[in-house]
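I opened this model to look up a few places in it, and I am noting here what I found, entry by entry.

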Amino acid sequence: MTDGSATSHAVPAPDSPEGLIARYGPGWRWLVTGTVMIGTIATVLTATIINVAIPDVMGTFGMGQDKAQLLSTGFLAAMTGTMLLNAFLLERVGRRTTYLLAMAVFVGASILGGLAPGELVLILARVLQGAAAGIIQPLAMQVIFQVFPPERRGTAMGIFGVGVVLAPAIGPTLGGLMVDSFSWRYVFFFPVPFALMAMALARLFLPGREHSERPAHPFDGLGFALIVAFLVSLLSALSNGVREGWLSDPILIAFTVAVLSGLAFVAWEMWTAHPLLDPRLFASPTFAGASVVAFIFGFGLFGSTYLIPLFVQSIQGYTPTRSGLLLMPAGLVLAMVFPLAGRLSDSVPAPALIAFGLVLFGASLLLMGHADTNTPFWLMAGWIVFGRIGLGFILPSLNAGALRALPLRFLGQGAGTINFVRQLGGALGVNLLAIALTHQSQQHTDALTATQVAGNAAMHESVALLERLFHQGGVPAMVQEPAALHFLGRIIQAQGSMLGYRDGFMLTGAVSLAALVPVLMMAFGHRIGRPTGR
């Protein structure tokens, strides 16, 4: 009887990792990796694919810039907030069901966005897309980390990183092709077939719920409400501050709500027995350092992906398709670098690879800080490729290094937290860079305008030359000088904008290099002690 009972218990459940390996063989690990990566790419792609379509969307619905920003801000806020739901959902319904539910929401939201009859429905669709993406990304990371043995997890994180960074890189290219060739609505329809494919594969290859003797933890509803209030109020204030005025009542109220809800969230998470974001994670200096690096990484990745298409379209006159194609070589290089970097992270200390990647990425952005209207396409593309190689070395080592510092019982929380921090850095980075760009462009324009005084010989020569050109073109004499001054003003404004973009690239590069400091925390950190019995 005893032997039969032991044999019975030794048979793995059909939907467990052991049962799936028995059914599909050792190659199952790569089948499940491909499954979650398809979903990751489909969802993360939508974070940037909309960027080049926003002008067309504004024209279709007559939206102002304030509401148009919600298409990006709403997505990022929802994506950031739901990342912390990962551990709870996995515990309650399991990996496969969580994945299928999130992908179903994403498919429905994408179809809703493509068919949206008005701006409110479109914004709702973007929020739902972001909510689904926020659940899928840490889930994919955790599944890959769990199904591979420790000595191969760096390689697996390299594969995971392809989706996380490649998708935002190729998003503008695909978005530009959709907008120029068809309509902005195809930007929403494009990811649907891939999401449906991911759902079909998930039913075959994704593990089910882990059975545990421990009761499921209750959902931290108050913590979730507080973090959502923090994100919505903060991003709203940052998005609307320039237009409304930083000292206006709505903006001050939004900032006050953000501060109070943020402080209340931290206090509650430290007090409650079942936190949404467990403060014990940060008892590990390695994980704490990795979290700071992840925040800055998100700032640099999403910030640069935001700045580059705007720069080449507004300063160099690129079409949406051409601006997207500028990022394509970098995306292809990333696809080659990530597996190599992931393999290296299995044998090379994570802090060393992260530091190397940060130096490359920061140097790339500092080089782009010297771009102007005449910078050639392939030179810009080369600078971007240089920086993306750096990103390729950062993410696999960052993810693997962060999760290796945690015991198994913190793995779900850790995966959700590190993705949450990275996405928060991206959301704040885009908003802060937009503010810096507006401010610096105006500062440079005002400074250049102040030099156009009566004693400026160059200005007089320029105006005289423009007047002669207008005269040759048949412009009446009475409007030649005003037309020349107006044209000169436009040139000054364009020059001020170009210098503002340069400052934006320089700022992003400097922030990225500053991440070398928390890398030291990872290098000298110590693991949280593993609990007994695990």
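I am working from a predicted model, and I began at the surface, where Val105, Leu112, Leu124 and Leu128 form a nonpolar patch whose accessible area comes to about 280 Å² together. I then looked up the elements behind the patch and found that those giving two or more residues to it are α8 (95-114) and α9 (119-147). Val105 lies in helix α8, and I noted its relative accessible area as 38%; because this falls between 20% and 50%, I list Val105 as partly exposed.

**Gln316**

Is Gln316 buried or exposed? Its relative accessibility is 15%, and because the cut-off for buried is under 20%, I count Gln316 as buried. I placed Gln316 in the loop between α15 (285-314) and α16 (320-345). The side chain of Gln316 makes a polar contact of 3.4 Å with the side chain of Tyr318, and a polar atom of the Gln316 side chain lies 3.1 Å from the backbone oxygen of Thr375. With neighbours within four places in sequence left aside, I found Gln316 in contact with Phe311, Asp372, Thr373, Asn374 and Thr375.

Conventions:
Residues numbered from 1 in each chain as written. Predicted model: local features only at pLDDT ≥ 70, side-chain atom pairs only at ≥ 80, totals over all residues. Heavy atoms only, no water. Helix = DSSP H or I, 4+ residues; strand = E, 2+ residues; numbered from the N terminus. Buried < 20%, exposed > 50% of the residue type's maximum accessible area, 1.4 Å probe, protein only. Polar contact = N/O pair within 3.5 Å; in protein donor to acceptor, adjacent residues only side chain to side chain. Contact = heavy atoms within 4.5 Å. Patch = residues over 30% accessible without salt bridge, like charges linked within 9 Å, V, L, I, M, F, W, Y side chains within 5 Å. Areas by Shrake-Rupley, 256 points an atom, 1.4 Å probe, with all protein chains shown as cover. Salt bridge = Lys/Arg side-chain N within 4 Å of Asp/Glu carboxyl O.
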